[in-house]
Amino acid sequence: MPGVRIRDITSWQEGDITLHSSREKKRYHQHKAAIEEYFTTKASIDEIADRHHLSRKKLVKLAKKCLMQHEDGSAWGFRALLPRVTVIDHASRPASDISDVPQEAKPADGLEPGAGTNNASADSCSSTQIEQTTILVEAAADNDDKNDTIKRQAIKLPLLPSIAAMDVPETPYPSYVKDEDEEEVVAFAEVDELPVEIEQPAAAEEETALEEQPAGQLEEMTGESQLPEAIAPLAIEVSAVSNATGLAPLVLPFPTVEYIATKRPFQRRSVHKRWQRGIQGQQKHKRTLRIASLAIVAALFLFVLLPAGAGVAAYSAYNSINATAHDGINHLLKVKSILNISKSDPTAALNATKLQQAQVEFEGAKGDFVQLQQLLDRPAIQGVITQFAPQYGSKLGEVQSLVQVALDVSRMGDELSGVALIGANIIHGSPLATGSTKPLISVADINAIEGSMVHALYYINDIRLQMRHVSVKDLPLSNAQKAQLTSLLPLLPQVQDMIVQAQGLVGLVAWLLGVGQPRRFLIQTMDSAELRPGGGFTGQYGILQIQDGRMSPFNLTDVTLLDYAENGTAIGRTAPPGYSWMNFGNWGVRDSNLSGDFPTTARMTMQLFEAEGGGPVDGDIAFTPALIGHILDVTGPIKVPGYNETITSKNLEDRLHYYQQDYSAIAREKQISGNYSHSGRKAFTSTLGKLLLDRVRHLPTKQLIQVVKGAIKDIQSHDLQIYFTNPAVEAWLVEHGYSGSTDTFSKQDGFTVVQANISISKASQYVHTTEQDDVTLDAQGGATHNLTITLDYQQKGPVYGFDTYADYIRVYAPQNAQFISGDGFDTGHALCTPGVPKVSASRGTGGTVPTASGCGQYNGYFPSNARYCPNGNYTLGMRGFQLNGSPLAWSVDSLGPPTALTSDLPGRAMWGGLTATPKNCISTITLSWYVPHAVKKVNGQPSYTILVQKQGGSIPTVDLAIDASAIKGLKNFTFKGNIYADRYFLLTVPAQK
């Protein structure tokens with residue numbers, strides 16, 4: 001099973017591939033990556049082999065080699081993957097597995113001593129022959145007259161050290177010498193002396209050579225007369241070229257052949273003695289020749305090869321450095337081609353496969369630059385550069401700094417690729433899907449992300465430090481590349497700042513995604529047709545639960561099921577102090593939207609929601625139909641089965657109101673849904689919500705990003721408002737202007753108009769608001785405001801509820817603003833009180849409508865210009881119901897200044913009151929106030945800024961005129977148009993030309 005092979009390989013020693021060729025390094029990293037995956041993952045062997053372009057047999061063979069015991073007692077580990085290394089298992093073996101060499105043997109009949117033994121020697125070769133050589137000597141005495149034969153004892157002498165076992169740097173083999181699947185032969189290590197490397201033939205090759213020799217030549221081969229000459233390339237390393245005295249000996253290995261002579265019973269003693277004397281003479285002759293040869297070779301080496309070897313060493317060092325540097329740079333260039341980020345689709349970089357490929361390249365680059373760094377730090381290499389290229393000696397520190405920069409980039413890229421893989425898993429793992437319980441992000445992922453950011457800051461800081469030692473103009477780059485590098489360096493501080501900001505977001509995002517602990521957020525739909533301070537009346541609600549990035553199933557529910565639950569918790573509840581104008585009975589979540597400052601509204605709503613049995617929540621998210629319309633622009637039209645409706649962003653609000661307000665549509669809606677309760681009138685809305693959410697869940701990443709971009713615009717227009725109980729998250733929203741809070745106007749002048757439709761009707765959709773503010777700046781820098789608010793109510797369609805539009809209006813201004821005057825507000829002083837309402841004809845299928853009697857003298861006119869009805873009908877009609885359920889008609893009250901002069905929000909001035917506008921009439925509300933020190937000094941010049949805040953669910957027309965004639969340098973300013981988000985207007989002294 002895959003789990004059985006899981007091992008801890010963290011203690012495995014790395015192989016040193018410093019002086020290997022690029023091709024061999026690539027093979028080593030390929031094999032290493034495969035072995036790491038083999039022992040640390042549960043992937044199948046076939047998958048690992050395919051992924052790393054190996055055969056199954058090859059992968060298993062490499063794994064077995066790595067597990068063998070090294071002579072130092074530890075596992076071979078990654079050292080077993082080095083090119084041309086012989087892996088021997090030094091684990092202890094039973095004694096029975098070791099073959100002893102016989103002490104005596106008899107030669108075959110009819111053969112001379114030493115003849116015909118080629119087969120015997122070949123057959124007797126074993127692993128012990130690699131470690132020792134057997135030399136034959138005679139054991140009999142010269143004067144032995146009784147024996148006609150002699151015994152030759154096999155005496156085992158230690159083999160002279162082979163050059164293959166010496167610690168010498170490797171000279172890379174040409175690419176054609178070794179094939180991809182050949183076994184590695186020999187390993188090389190680094191030494192500080194000046195060795196000469198002579199390659200020893202493999203044992204199998206020696207055996208084959210011996211088998212091919214004629215019988216007459218075998219004796220000579222086993223003696224010293226003819227030694228097979230091994231030809232191999234030289235690999236020379238100079239530790240101190242100027243004083244190279246320690247030279248490695250030139251060693252010619254003996255062939256590892258064991259020759260055992262046997263007896264010949266019928267051989268005569270005289271023949272034997274002549275043979276013995278001939279052998280002794282040949283041995284003396286060969287020893288003399290060998291001594292002379294060694295002397296000649298030593299002289300040639302000292303006087304000819306040593307100077308040439310130093311040059312070869314310099315050239316070899318240059319080739320190694322050059323090849324390693326180019327290999328590392330090529331890895332980084334491959335990353336650039338793999339992660340080719342498109343400006344139109346930046347999420348294309350979050351491709352798991354490409355990111356894994358990029359990680360492999362970063363790992364390869366990191367390995368290359370580590371080796372390059374080690375090479376450049378060697379005194380031997382530095383000595384070569386100083387001796388043979390002194391012109392580059394002064395640039396060595398600059399090169400080392402560049403290598404460190406490349407290493408920092410490789411390491412940072414490797415870690416950030418891992419972070420991007422986590423992001424790719426979240427984005428491509430369907431975070432909105434509810435069918436999976438597998439976490440999309442864990443605590444370990446968050447820790448990894450935070451750690452990578454800390455490391456990235458270190459790497460960038462080190463890059464900036466290292467680049468101080470580098471002269472860009474001296475780099476071997478084109479002018480265009482130098483210009484590009486020069487332009488990138490100043491961006492590093494900006495990148496650092498971005499990472500620091502991102503560090504602060506990691507914990508916030510983890511909290512929002514419910515990493516380690518689930519989160520519950522209250523969702524409210526706000527109907528802007530019944531405008532309320534936060535954007536609209538709450539008709540439906542739901543609970544969004546998120547844990548480890550996964551969202552639980554989500555549904556919208558009629559809010560009346562919560563407010564009018566069987567426990568009756570909403571019955572008789574009244575609004576909090578300061579909001580007595582919300583005088584409906586049974587105050588509940590549906591009417592909790594009381595403040596234009598969304599954090600204030602959200603806290604009230606969440607507290608009320610928990611009191612009504614909804615449980616604690618971690619935040620409140622409210623949105624108007626504008627958000628849904630913008631999502632439909634991305635998803636496209638949605639067909640609603642059963643209703644024969646196709647919903648787009650253009651007809652969304654119209655169809656929602658149709659199925660919630662038209663009595664015939666409500667009856668059909670209840671029939672289709674089978675829900676004949678009060679909540680049945682919102683069955684169409686619930687069905688559409690499910691269809692829309694399902695469509696969003698299956699959107700591709702590119703379109704999801706468009707949805708997010710649209711949501712940000714809705715936050716700015718207050719059509720999407722968010723509040724979280726986490727202080728850090730909420731502080732981030734406030735800092736970036738996403739909190740939906742009412743400004744304090746402490747940094748500049750400004751105002752905001754907040755409306756609340758308390759008509760118990762959907763009349764807001766037919767009311768357009770205009771805010772005309774005439775501002776006059778005086779010489780002392782004060783600003784006098786004359787604000788005129790116009791409510792133009794033109795009922796162009798049916799209204800669900802009562803006809804008269806009752807709007808509680810509040811205007812917020814800077815805290816130091818001084819109220820001057822106002823008009824158009826209901827004073828509460830009745831000009832006429834109507835009689836007891838009577839029941840009139842039925843209103844469709846919705847029941848009866850009460851009508852008022854009396855006050856007929858005010859039905860055709862009104863004694864104030866603040867209320868104007870072009871058609872001459874000033875009738876107010878019915879207002880609603882009292883707490884006891886009896887109908888109540890509007891009384892005809894006089895109009896005057898605002899009735900509320902104390903702000904419900906600390907740090908702001910506020911004036912407000914109730915207004916009543918009959919159907920198809922116009923109400924005009926005026927306010928005047930003075931703001932001292934509104935004009936500021938900026939760089940010694942006067943400057944005036946005014947902020948006009950917009951209310952969610954409303955698109956007012958702003959008509960702004962600023963008279964700045966009293967301020968030297970400032971010019972008058974005018975603006976008129978609709979505003980879709982908070983709008984700043986700035987007056988400054990024009991720059992001199």
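Gln755 sits within strand E11, which spans residues 749–757. Please keep in mind that this is a predicted model.

Let's stay with Gln755 for a moment. Its relative accessible area is 3%, so Gln755 counts as buried, the cut-off for that class being under 20%.

| Side chain | Partner side chain | Polar contact distance |
|---|---|---|
| Gln755 | Thr769 | 2.9 Å |
| Gln755 | Asp807 | 2.6 Å |

Beyond residues up to four places away in sequence, Gln755 touches Leu531, Arg532, Pro533, Leu791, Tyr805, Tyr808, Ile809, Gln951 and Ser954, among others.

Now to another glutamine. Gln716 belongs to helix H20, residues 701–716. Is Gln716 buried, exposed or partly exposed? Its relative accessibility is 37%, so Gln716 counts as partly exposed. Setting aside neighbours within four places in sequence, Gln716 is in contact with Tyr738, Ala981 and Asp982. Gln716 and Tyr980 are 264 residues apart in sequence, and their C-alpha atoms are 8.4 Å apart in space.

Finally, a look at a pair of helices. Helix H1 (residues 22–40) packs with helix H3 (residues 56–67) at an angle of about 80 degrees, and their axes are 10 Å apart. Because of that angle, H1 is roughly perpendicular to H3. Which residues meet here? From H1 come His31, Ala34, Ile35, Tyr38 and Phe39, while H3 brings Lys58, Leu59, Leu62, Ala63, Cys66 and Leu67. Sorted by class, the contact of H1 with H3 has 9 nonpolar residues, 1 polar and 1 charged.

Note on methods:
Residues numbered from 1 in each chain as written. Predicted model: local features only at pLDDT ≥ 70, side-chain atom pairs only at ≥ 80, totals over all residues. Heavy atoms only, no water. Helix = DSSP H or I, 4+ residues; strand = E, 2+ residues; numbered from the N terminus. Buried < 20%, exposed > 50% of the residue type's maximum accessible area, 1.4 Å probe, protein only. Polar contact = N/O pair within 3.5 Å; in protein donor to acceptor, adjacent residues only side chain to side chain. Contact = heavy atoms within 4.5 Å. Axes fitted to C-alpha atoms, helices over the stretch in contact; angles between N-to-C directions. Parallel < 35°, antiparallel > 145°, perpendicular 65-115°, else oblique. Nonpolar A, V, L, I, M, F, W, Y, C, P; charged D, E, K, R; others polar.
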